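Me: Hi! Could you walk me through this model in plain words?

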Amino acid sequence: MANHSQLGFQDASSPIMEELMQFHDHALMVALAICSLVLYILTVMLTEKLSSSSVDAQEIELVWTILPAVVLIVLALPSLRILYMMDEINEPDLTLKAIGHQWYWTYEYTDLKELTFDSYMVPTSDLPLGHFRLLEVDHRVIVPMNSKVRVIVTADDVLHSWAVPSLGVKTDAIPGRLNQTAFLASRPGVYYGQCSEICGANHSFMPIVVESTPLANFENWSSLIPS
Amino acid sequence: VFFISLSLSLQLVPLIGFISVGLGSAVLYLLRLALYSPDVSWDRKNNPEPWNKLSPTDQYKFLAISTDYKNLKKDRPSF
């Protein structure tokens with residue numbers, strides 16, 4: 001989860017999120033270069049004597065045509081690469097459904113047995129000491145680590161959005177429509193997210209918690225559910 | 001205004017070049033989508049639902065980063 005004064009991303013817990021973070025660093029570096037250049041030129045303009053003797057501007061026109069085009073290409077190529085990578089069909093090991101309601105999520109694991117449960121936020125009055133306010137839920141989404149998980153997201157009433165920033169996942173939940181997203185949790189852990197599409201009074205109070213655990217623990221958990 | 005003088009038109013080459021590359025690739029990609037995308041049906045009589053004709057090893061996207069579509073094994077029932 002994010003800290004109070006956090007500026008950057010949460011630690012990446014999936015390969016896609018690592019790629020996104022690298023791209024963000026790359027784009028930020030480009031932005032830094034442009035800003036420094038602009039600041040430098042501004043300083044030079046304001047401190048030097050105006051001494052140009054010609055109105056000929058051919059060289060600078062060349063520079064400020066080619067340089068922005070290069071910047072755009074340098075940004076577009078990694079961006080498109082990640083975009084197509086995120087969209088690839090990846091033969092998931094596990095498929096689960098996330099259904100948004102006002103104001104809770106329902107998760108369905110129906111690959112082998114029928115496993116369905118609701119996931120409500122733990123109200124602050126019931127929150128044990130040391131737990132995260134407005135982020136904890138009663139039933140977490142348990143997934144096996146290092147396994148390709150496909151999530152099919154939809155909604156029952158109004159628009160919601162299923163988002164877990166640490167896994168690099170955000171998918172809108174639209175009534176009457178199935179949206180697919182995929183992730184791979186690279187390490188065991190607990191990952192928090194919040195509903196990311198305004199959906200009424202308790203939009204801020206329907207979080208998502210994904211818990212990734214070794215496969216043995218996942219199988220143990222799913223076999224304990226009464227069918 | 002298009003400058004005909006030699007020295008000036010040379011300076012405009014990068015501008016024309018980048019704009020044509022950009023606009024050209026946009027138009028070409030649009031044409032690719034219109035003609036080759038399985039979601040587009042031009043002939044409602046002879047090819048009404050082209051998306052039903054895809055095989056599991058078809059790559060209909062422009063780029064494939066890590067999926068080897070030709071060698072993709074898909075066991076699914078054939079209807």
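This is a predicted model: local features need pLDDT of at least 70, side-chain atom pairs count only at pLDDT 80 or more; totals for chains, interfaces and linings use all residues.

Me: OK, how many residues does each chain bring to the contact?

Reply: Chain A brings 12 residues and chain B brings 17 residues. Contact here means heavy atoms within 4.5 Å.

Me: And how much area do chain A and chain B bury between them?

Reply: About 1,400 Å², with 62% of it on carbon and sulfur atoms. Three residues, A:Tyr84, A:Glu88 and A:Ile89, supply 41% of the area that chain A buries against chain B, more than any other three residues. Buried area is the accessible area (1.4 Å probe) that two parts lose on being put together, summed over both.

Me: How many salt bridges are there between chain A and chain B?

Reply: One salt bridge. The term is used for a side-chain nitrogen of Lys or Arg within 4 Å of a carboxyl oxygen of Asp or Glu. The side chains that meet are those of A:Asp87 and B:Lys61, at 2.2 Å from N to O.

Me: What classes of residue does chain A put on the side that touches chain B?

Reply: That side has six nonpolar, two polar and four charged residues. In this scheme Ala, Val, Leu, Ile, Met, Phe, Trp, Tyr, Cys and Pro count as nonpolar, Asp, Glu, Lys and Arg as charged, and the others, Gly among them, as polar.

Me: Back to that cross-chain pair. Where do B:Lys61 and A:Asp87 sit?

Reply: B:Lys61 is in the segment after helix H1 (6–36) of chain B, and A:Asp87 is in the loop between helix H2 (58–86) and S1 of chain A. Helices (H or I, at least four residues) and strands (E, at least two) are DSSP runs, numbered from the N terminus.

Me: How accessible are those two?

Reply: B:Lys61 is partly exposed at 23% relative accessibility, and A:Asp87 is partly exposed too, at 45%. Buried means under 20% relative accessible area, exposed over 50%, and partly exposed in between (1.4 Å probe, protein chains only).

Me: Switching to strands. Is S10 of chain A mostly covered or uncovered?

Reply: Mostly covered: six of the seven residues in strand S10 (residues 207–213) are buried.

Me: Which strands pair with it, and in what sense?

Reply: Strand S4 (residues 141–144) of chain A pairs with S10(A) in the parallel sense over four bridges, with A:Val143 opposite A:Ser212. Strand S9 (residues 189–194) of chain A pairs with S10(A) in the antiparallel sense over six bridges, and there A:Val190 has A:Glu211 as its bridge partner. Two strands count as paired if DSSP finds at least two bridges between them.

Me: What about phi angles?

Reply: A:Leu134 is not a glycine, yet has a positive phi of about 65 degrees. A:Leu134 is in the loop between strand S3 (115–119) and S4 of chain A, and is buried at 18% relative accessibility. A:Asn146 also has a positive phi without being a glycine, about 55 degrees. The loop that holds A:Asn146 runs between S4 and strand S5 (148–155) of chain A, and A:Asn146 is partly exposed at 47%.

Me: Last one: how many salt bridges over all chains?

Reply: Five salt bridges. Among them, A:Glu108 meets A:Lys97 at 3.5 Å, N to O; A:Glu108 is in strand S2 and A:Lys97 in strand S1 of chain A, 11 residues apart.

Me: And what does A:Glu136 pair with?

Reply: A:Glu136 forms a salt bridge with A:Arg140, the closest N and O atoms being 3.3 Å apart. Salt bridges that share partners join A:Glu136, A:Arg140 and A:Glu211 into one network.

Key: Residues are numbered from 1 along each chain as its sequence is written. Chains are lettered from A and ligands numbered from 1 in the order in which they are written. Side-chain values use heavy atoms; hydrogens and water are left out.
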